[in-house]
Amino acid sequence: MTRADDHSDVADEATAAFSGDAAVEEHAAALPAARVVREPLIGRHFTQPGDDVYAQIEWTYRTAAITSDTGDTIFEQTDIETPSFWSQTATNIVASKYFWGEAGTPQRETSMKTLVDRVVETITRWGREGGYFSDGAAASAFSQELRYLLINQYAAFNSPVWFNVGIEETPQCSACFINSVEDSMESIMDLAKREALLFKWGSGTGSNLSTLRSSKESLTGGGKASGPVSFMRGYDAFANVIKSG
């Protein structure tokens with residue numbers, strides 16, 4: 001099944017109407033090609049139509065808890081619904097890091113089902129809206145297969161996906177960023193802001209500070225530059241106090 005977008009229609013019409021015109025043909029060839037949706041977009045390997053993925057799993061209720069080196073409780077949540085084959089460590093990490101909602105409120109997620117459904121249903125909706133599925137059966141296959149992979153720990157998304165998908169309208173889903181900076185105070189402070197926002201949404205960042213003058217070089221107005229190492233300490237200080245997710 002082929003779905004041609006507006007650009008592809010223009011390309012076809014231009015080629016037909018002005019065949020032989022090199023400039024027009026070159027322009028038409030540069031336009032985006034039609035999207036082809038293959039049947040099916042994703043094959044079924046673990047599920048069948050109508051399967052309840054969660055019904056195939058043995059579930060249990062646990063308490064997730066994280067303590068400090070001195071034994072103080074950093075995080076605790078009781079009555080978490082989780083697959084029985086998940087380790088306690090996996091339960092602790094997922095509940096403390098990825099469950100959405102303020103602890104102790106009705107909005108707080110309490111089940112691995114809820115977490116996985118939030119992400120899977122959002123991505124499936126994006127696929128429907130973007131025309132990636134040929135029909136409802138293809139969308140259902142994608143949704144069930146992805147849900148099976150995630151809940152059975154055959155695959156996992158990065159932290160920003162679990163933090164943000166299904167919560168933010170336009171979520172940040174990438175985990176790693178490389179930043180650059182210019183040798184000016186404005187750019188140095190802009191980098192601090194960019195890194196802070198990336199950390200807030202659960203991502204990590206590396207920054208190339210090689211453009212900054214060393215501490216042995218002079219400033220335009222007199223005196224010596226602070227050097228990149230001093231600014232690294234400042235960036236590290238911000239990173240240590242910003243909470244992700």
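Student: Does Tyr-148 count as buried, partly exposed or exposed?

Tutor: This is a predicted model, in which local features need pLDDT of at least 70, side-chain atom pairs count only at pLDDT 80 or more, and totals for chains, interfaces and linings use all residues. Residues are numbered from 1 along each chain as its sequence is written, and side-chain values use heavy atoms, with hydrogens and water left out. Buried means under 20% relative accessible area, exposed over 50%, and partly exposed in between, with a 1.4 Å probe and protein chains only. Tyr-148 has 14% relative accessibility, so Tyr-148 counts as buried.

Student: Which residues of H5 are buried?

Tutor: Helices (H or I, at least four residues) and strands (E, at least two) are DSSP runs, numbered from the N terminus. In H5, 12 of the 16 residues are buried, so this helix is largely enclosed by the rest of the structure. The buried residues are Ala-138, Ala-139, Ala-141, Phe-142, Ser-143, Gln-144, Glu-145, Leu-146, Arg-147, Tyr-148, Leu-150 and Ile-151.

Student: Against which elements do the buried residues of H5 pack?

Tutor: Packing is judged here by contact, meaning heavy atoms within 4.5 Å. By that criterion, the buried residues of H5 pack against E3, E4, H4 and H6.

Student: What is the angle between the planes of Phe-46 and Tyr-148?

Tutor: Rings of Phe, Tyr and Trp (its six-membered ring) pair if their centres lie within 6.5 Å; planes under 30 degrees apart count as stacked, over 60 as edge-to-face and the rest as tilted. A search of the whole structure finds eight such pairs. The pair of Phe-46 and Tyr-148 is stacked, with 4.9 Å centre to centre and a plane angle of 10 degrees.

Student: Where in the chain does Phe-46 lie?

Tutor: The pair links distant parts of the chain, 102 residues apart. Tyr-148 is in helix H5, whereas Phe-46 is in the loop between strand E2 (35–36) and E3.
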